[in-house]
Amino acid sequence: MVMLQSNKRIDEISFMNSRRFILDAHKLQYHPEAVASFLGGKDVIPIYAEISPVAFCNHRCIFCNFNYLGHNGKFVRGRMISLVEELAEAGVKSVVFAGSGEPTIHPDTILAIERAKMVGLDVAMSTNGLLLHDDAIEIMVKSLTWIRFSFSGGSPGNYAKIHNTKESDYHLVLNNIKKLKTIKDKTHSKLTIGTQFMLLPENKDYVISQAVVMKECGVDYFVVKHFYESETNEYRPDVSFLTPEFMASVKAKADELSDTKFSFIVRDKAKLDRKRRYTQCYGLPFIVYFKESGEVYTCFFHQHDKNTSLGSIISQSFMDLWKSEGKKRSINYINEKFDKNRCQANCRHHQINNYLWDLKHNQPEHINFI
């Protein structure tokens, strides 16, 4: 049974959780050596890498921003495993298996996760959780730093509607989450188990009840994410329900349900503002994205433009590609050709760009008087 708490305790937990999981900001300040290299004009090795094992998916979520890409293609067999070795050797810190499809469809994904952990990378995965067999769950518990389940339905019927799948998938995924939690506890793993709920008019009445379900499953956090419109997405929901009163009620319930073992996080809608105070995307070299085709990008949003590709990782090593003219050409093209005010609303580089832009261009007077 979910227990509610005193207002003072709620405030303490809310503050603690705001520092535990930072989802609306950045963490580049915890990598001062990389920042110093950037400010000194030196080449920067990415801190974070994302690999898209496949483009196709066993769900067709109504809100998916990748439907326009056609859901075709997968990584060449064996290349993800050698790639994570190259990333570790280069000095990359973390790798996430996610991308434009369901990563567990690829037969190499679990092997690559295991290998990435063995060579010293922090490893994570985003998944719909449908295809997790017992052996995979064992490896995930041992190898992943965090796993995030995309779960945006509040009942079997609602889940089937949002994810465009069978109603039975609702309970199947919940059972997989429970299995993961059981093995985590049994092995004393530090794995963080999270779930993400895309807030839509179709599921708005289920957000609180589904948070309770996930808390009872034993997840570490339940995050509510706002949908953002994109030129590449045909889905156009009526978001008139997102009144200040509605969001305040959700936030109040989130604070009540959160405790030292469970965080109910409501993402900040204000972060979806597309206005930018910078003209250059300084964050590009800190993040690298490997598409299932083997093409490599530093920008997720503009991957439909071939000029933003650094080149292919299939026939060359990561460091050869990273030192290539293709990387310089791609970054220069993005910074010269695109209006940053038209970039993705929740761009992963955005908060990094704000931070680096201020360091380079908006320093206050008398900075040595700390």
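Biologist: What volume does the largest cavity have?

Modeller: A cavity is a set of points on a 1 Å grid over the protein atoms alone where a 1.4 Å probe fits but cannot get out. Grid points are joined across faces, edges and corners, and a volume is the space filled by probe spheres set on the points. In this predicted model, the largest cavity has a volume of about 90 Å³. Residues are numbered from 1 along each chain as its sequence is written, and side-chain values use heavy atoms, without hydrogens and water. Local features need pLDDT of at least 70 and side-chain atom pairs 80 or more, while totals for chains, interfaces and linings use all residues.

Biologist: How many disulfides does the structure hold?

Modeller: A disulfide is a covalent bond between the sulfur atoms of two cysteines; here the criterion is a pair of cysteine sulfur atoms within 2.5 Å. The structure holds zero. For cysteine 217, the nearest cysteine sulfur, in cysteine 61, is 18 Å away.

Biologist: Is cysteine 299 buried or exposed?

Modeller: Buried means under 20% relative accessible area, exposed over 50%, and partly exposed in between (1.4 Å probe, protein chains only). Cysteine 299 is buried at 8%, and cysteine 217 is buried at 6%.

Key: 1 Å grid on protein atoms, 1.4 Å probe; cavity = no way out; pocket = protein on both sides within 12 Å on 5 of 7 lines; lining within 4 Å.
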